[in-house]
Amino acid sequence: MNPFALSFLIMLAFVLAELLILKWLRKTPVPWKDVIFNLNSGHILMWVFRGVEVAAFGLLLHYTNFHIVDRWPVAVQWVFAFFAWDLCFYWMHRLHHKFPLLWAVHVVHHQGEHFNLSLGVRNSWYSSLTNFPFIAILAVLGVPLEVFLVVSSLHYSVQFYNHNALIKKSGFLDKFLVTPSHHRVHHGTDKRYINRNFGGTLLLWDKVFGSFQPELEGVEMHYGVKGMAPTHNPLLASNGKLFKWLRARFPQWQSRGLFHVPELYIGIGGVILFGLVIYYVNHEAALAGAQQAILFALIFGGTLALGGLSDARRWGAIAWILIALAMPLLFLGWYGARDVWGMVFLGALLLHGLDGARRLCWPAASGTRA
């Protein structure tokens, strides 16, 4: 398994483990619709845009490199990149809260109404694209590409940890790192918490630039974005606010009635789909062009269908069933996929699609509300 696919697998394992701990120890119900949106908010598309970001960094490094950092001793390069990337992230994050166009992208991350590890991977489709202008200076200064990749991945790992719901206080780490306590403040809707704690890893920047706010005792935490109706449709979430900024009307689909399924059904489908994202990332280089494009399109369509199903839309149920039935038949049949993990995920998806068809055709018998 390649390092990128392995990191996705570890991330999924930690998300599921945290949910189980919260359910068993704190008796907290699992908000499956929110969790599955977070996992599948567009990672198959964000994977592509992350590639665009890395490629753009490489181009800048090749054509506009001032060769300042890459002439320093290697250890100094790494230390500089660690601090410089975090400073760039701080200002990227802060300005995404200030300017309407950037907020239209970043707001997706803040719409999550439950603070847990899955929130750490919830993002707009376009987050890598709007992040790039803020880290481009590192390429111009000559930060080597491999240093940029490792350092950015390290910081993103810390930010993923900072969204966990299990740790209240982190002891001495609260003094110099952005910890879950500090990041809860950033996501909180209390007026004293709005536009505070923009840092990613180091608390230094919030303290230097006056945006630090510690978590207050006795303040009940609520998350989300006030005044915005939540949606589990990633197409609407990533584009609705942008359309509003452009003063354009986002197209709405009319649905003939609603179709409700248990949240656990959505949860199982979402985990299977994210498993296929991992499969895609791991096998991308080995897949033929048509295989790669079709698998990408079906996974992407699956995220939209699950979003519609989470919003109780009948079209979402129909689309999910069609995709869940078509993908295994296509890849186990036409393309002859035979590797174990591919067969496990595709087989599970086929069973899930058949169960969905049963629920759609006989809603009363399956306890589903149509």
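A residue counts as buried when its relative accessible area is under 20%, and by that cut-off 51% of the 370 residues of the protein chain in this predicted model are buried.

Turning the C-alpha trace along its principal axes shows a span of about 65 × 55 × 45 Å. The radius of gyration is 21 Å, which agrees with the value near 21 Å that a compact globule of 370 residues would have. If you switch to a surface, the chain exposes about 17,600 Å², and carbon and sulfur atoms supply 69% of that area. Among contacts between residues at least 6 apart in sequence, 76% join residues at least 24 apart.

Next, select F8, H43, R50, Y156 and S157, the lining residues closest to the centre of the largest pocket, which holds about 1,200 Å³ of space. Colour the helices that supply at least two lining residues each, among them α1 (3-25), α4 (74-96) and α7 (145-161); then pick out α3, which gives the largest share, 7 residues.

Finally, move to the second largest pocket, with about 380 Å³ of space, by selecting R26, F115, A165, K168 and Y223, which lie nearest its centre. This pocket is lined by 19 residues, of which 10 are nonpolar, 3 polar and 6 charged.

How values were computed: Residues numbered from 1 in each chain as written. Predicted model: local features only at pLDDT ≥ 70, side-chain atom pairs only at ≥ 80, totals over all residues. Heavy atoms only, no water. 1 Å grid on protein atoms, 1.4 Å probe; cavity = no way out; pocket = protein on both sides within 12 Å on 5 of 7 lines; lining within 4 Å. Points joined across faces, edges and corners; volume = space filled by probe spheres on them. Helix = DSSP H or I, 4+ residues; strand = E, 2+ residues; numbered from the N terminus. Nonpolar A, V, L, I, M, F, W, Y, C, P; charged D, E, K, R; others polar. Rg over C-alpha atoms; globule rule 2.2 N^0.38 Å. Buried < 20%, exposed > 50% of the residue type's maximum accessible area, 1.4 Å probe, protein only. Contact = heavy atoms within 4.5 Å. Areas by Shrake-Rupley, 256 points an atom, 1.4 Å probe, with all protein chains shown as cover.
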